[in-house]
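Here is a short report on one protein chain. Look at the overall fold before turning to the details.

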Amino acid sequence: MKNPKLSSRYAKALFDFAGEKNQVEEVHGDLQLFANTLKENRELQVLLRNPVVQPHQKHQVFESIFNGTLHDITYQFLDVLLRKKREPSLDTICDEFFKLYNAAHNIRPATITTAKPLGETLRNKIVALLTEQTGATVVLTEAVDPDIIGGFVIKMDDYYLDSSILSKINRLRQEFSQNSFQVQF
């Protein structure tokens, strides 16, 4: 079971320690590599979360994959997590670390959903507009959902802007369903 307090405490400890050693950028890059490896490799996720697999076997797999590719701080931190049997929380610890990193570097992630992929010029204009509005560096993630028909949906922190044709159709449908006007001949 995942524990958000545990994840945030471990992430904060790693972030603070990496900051003391002036290695935040290296640790951030290592955790991105580790998180991407976890996301792309379902077998590794299953292995790390499986309580039947012995801790020394998990450690051997971890060592064979990441030894020499990760910075010492990151490698030792992840090794401690494995020894403490915290592997079910590895992905949430990484997510919490990324939140701390983004807050420290004034980076705000945003997601834009459109019916078709954005062109490069439109994408750059949207990023520039969001950067101007927020005063932060915006990292835009694109998603394509043909069901929204047209327009876009932007999600950034607590900000949600739905300017899709699907939402407009739904609003019109709701207005017409509440309309008490009846045509009489």
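**Basis**

This is a predicted model, in which local features need pLDDT of at least 70, side-chain atom pairs count only at pLDDT 80 or more, and totals for chains, interfaces and linings use all residues. Residues are numbered from 1 along each chain as its sequence is written, and side-chain values use heavy atoms, with hydrogens and water left out.

**The chain**

The chain holds eight helices and four strands. Helices (H or I, at least four residues) and strands (E, at least two) are DSSP runs, numbered from the N terminus. Along the sequence the order is α-α-α-α-α-α-β-α-β-β-β-α. The chain is more spread out than a compact globule, because its radius of gyration is 22 Å, well over the 16 Å that the globule rule gives for 185 residues. That radius is taken over C-alpha atoms, and the globule rule is 2.2 Å times the number of residues to the power 0.38. Along the principal axes, the C-alpha atoms fill a box of roughly 80 × 40 × 30 Å.

Of the 185 residues, 33% are buried. Buried means under 20% relative accessible area, exposed over 50%, and partly exposed in between (1.4 Å probe, protein chains only). The accessible surface of the chain is about 12300 Å², and 53% of it belongs to carbon and sulfur atoms. Areas come from the Shrake-Rupley method with a 1.4 Å probe; for residues, only the protein chains shown count as cover. Contact means heavy atoms within 4.5 Å. Among contacts between residues at least 6 apart in sequence, 64% join residues at least 24 apart.

**Helix α3**

Which residues of α3 are buried? In this helix (residues 42–49) they are L44, Q45 and L48. Seen down the axis of α3, the buried residues fall within an arc of 100 degrees, so they line one face of the helix. The arc is that of the directions from the helix axis to the C-beta atoms. R42 and E43 are exposed on the other side of α3. The cover over the buried residues of α3 includes α2 (24–40), α4 (55–66), α5 (72–83) and α6 (90–104).

N41 caps the N-terminal end of α3. A side-chain oxygen of N41 lies 3.2 Å from the backbone nitrogen of E43.

**Salt bridges**

A salt bridge is a side-chain nitrogen of Lys or Arg within 4 Å of a carboxyl oxygen of Asp or Glu. By this rule the count is seven.

| Pair | N to O distance |
|---|---|
| D79 and R83 | 3.4 Å |
| K99 and E96 | 3.5 Å |

The R49–D91 pair links distant parts of the chain: R49 is in helix α3 and D91 in helix α6, 42 residues apart. R49 is partly exposed, at 36% relative accessible area. D91 is partly exposed too, at 23%.

D79 and R83 both lie in helix α5, four residues apart, about one turn of the helix. D79 is buried at 13% relative accessibility, whereas R83 is exposed at 56%.

K99 and E96 both lie in helix α6, three residues apart, about one turn of the helix. K99 is exposed at 53%, and E96 is partly exposed at 22%. An α-helix has 3.6 residues a turn, so residues three or four places apart point the same way.

Technical notes
Polar contact = N/O pair within 3.5 Å; in protein donor to acceptor, adjacent residues only side chain to side chain.
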